[in-house]
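Here's a quick briefing to read with the model open beside you. Have a look at the fold, then work through the points below.

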Amino acid sequence: QFYLVWPLVMIALLITFSATWYAFYLARSITTPIQDLAEGTRSVAGGNLDFEITTRATDEIGLLISSFNRMTRDLKANKTTLDATYHNLQRTNQELEERRKTIETILENIFTGVLSLDLEGKVTNLNHAAEGMLGLSSDDVVGRHYREVFRSSSLTPVAESLDQVCRSQGGTWEGKVSLTRGSSTRTLVINAVGLRDRAGEDLGQL
């Protein structure tokens with residue numbers, strides 16, 4: 001009887017060993033890619049977009065790995081594009097800032113008074129020459145409506161002229177105003193023109 005049972009025991013042990021080995025192999029083929037995916041997720045979250053999963057699989061796990069690698073490549077490409085765009089914007093902003101400073105320097109050093117208004121009639125710029133002509137400070141008037149700025153009796157003619165300028169709706173306007181300050185009277189020639197951007201949109205008056 002022993003000789004009859006022994007082969008059956010060996011067969012049973014072989015089947016058990018094979019099933020156990022296959023179970024471990026199957027579990028490893030699932031858990032290893034999942035562990036790699038978890039590690040990859042942590043690495044990408046930490047900013048490493050060069051991470052790529054090299055584990056091969058042919059089932060749904062393989063599709064997931066392929067999607068993950070494609071996602072990291074897309075993220076890296078997008079990051080490269082965003083970095084280039086950011087540097088271009090920085091360079092453009094720096095150039096615009098330099099141009100703005102140059103324009104401000106020119107305005108502050110010319111003898112012609114310059115006053116600009118936005119579409120709402122608020123003062124956006126008043127250069128040094130205009131400050132001296134009108135007896136005002138740009139720090140006190142920028143951001144305020146011109147009617148509020150020129151409401152004093154001595155500056156009423158300027159407000160009335162600016163009313164006509166704003167009614168020109170972005171066109172040109174020419175006129176003269178006489179301002180009396182103390183015992184002296186000064187006549188100012190006003191030339192106004194509408195401000196527009198490159199697209200032709202109205203920005204206000206100059």
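Let's start with S138, which sits in helix α4 (residues 138–141); helices here are DSSP runs of H or I with at least four residues, strands are E runs of at least two, and both are numbered from the N terminus. This is a predicted model, so local features need pLDDT of at least 70 and side-chain atom pairs count only at pLDDT 80 or more, while totals for chains, interfaces and linings use all residues. Residues are numbered from 1 along each chain as its sequence is written, and side-chain values use heavy atoms, with hydrogens and water left out.

- S138 counts as buried because its relative accessibility is 18%; buried means under 20% relative accessible area, exposed means over 50%, and partly exposed is in between, with a 1.4 Å probe and protein chains only.
- Leaving aside neighbours within four places in sequence, S138 is in contact with L126 and E131, where contact means heavy atoms within 4.5 Å.
- E120 belongs to the loop between β1 and β2, and with a relative accessible area of 54% E120 is exposed.
- E120 and C166 are 46 residues apart along the chain, yet their C-alpha atoms are separated by 9.4 Å.

**The chain overall**

- You'll find six helices and six strands in the protein chain, and along the sequence they follow the pattern α-α-β-β-α-α-α-α-β-β-β-β.
- The protein chain has 206 residues, and 25% of them count as buried.
- Take the contacts in the protein chain with a separation of 6 or more: 32% of them are between residues 24 or more positions apart.
- The accessible surface of the protein chain is about 15,000 Å², and carbon and sulfur atoms account for 57% of that; these areas come from the Shrake-Rupley method with a 1.4 Å probe, and for residues only the protein chains shown count as cover.

**Strand pairing around β6**

- Strand β1 (residues 115–118) pairs with strand β6 (residues 202–205) in the antiparallel sense, over two bridges; two strands pair if DSSP finds at least two bridges between them.
- Strand β5 (residues 194–196) also runs antiparallel to β6, and three bridges join them.
- G204 in β6 is a handy landmark: D118 stands opposite G204, and L195 stands opposite G204 as well.
- The hairpin of β5 and β6 has five residues between the strands, and in this hairpin G200 takes a positive phi near 85 degrees.
- D202 and R196 form a salt bridge, with the closest N and O atoms 3.1 Å apart; a salt bridge is a side-chain nitrogen of Lys or Arg within 4 Å of a carboxyl oxygen of Asp or Glu.
- D202 is partly exposed at 35% relative accessibility, and R196 is partly exposed too, with a relative accessible area of 45%.

**Nonpolar cores**

- The largest nonpolar core has 22 residues, and L115, L126, L134, L136, F150 and L162 have the most contacts inside it; such a core is a set of buried Ala, Val, Leu, Ile, Met, Phe, Trp, Tyr and Cys residues joined through side-chain atoms within 4.5 Å.
- At least two residues of this core come from each of β1, β2 (123–126), α3 (128–134), α5 (146–149), α6 (156–167), β3 (173–181) and β4 (184–192).
- Helix α6 gives the largest share of this core, with four residues.
- Which residues does L162 contact, leaving aside its neighbours within four places in sequence? They are L115, L117, Y146 and F150.
- Another core, of eight residues, lies apart from this one, with L37, F51, I61 and I65 among them.

- The whole structure has seven salt bridges.
- K79 and D83 form one of them, with the closest N and O atoms 3.1 Å apart.
- K79 and D83 are four residues apart in helix α2 (residues 60–109), so about one helical turn separates them.
- K79 is partly exposed at 41% relative accessibility, and D83 is partly exposed at 33%.
- E97 pairs with R100 in a salt bridge whose closest N and O atoms are 2.4 Å apart.
- E97 and R100 are three residues apart in helix α2, so they too are separated by about one helical turn.
- E97 counts as partly exposed at 31% relative accessibility, as does R100 at 38%.
- E104 joins E97 and R100 in a network of salt bridges.
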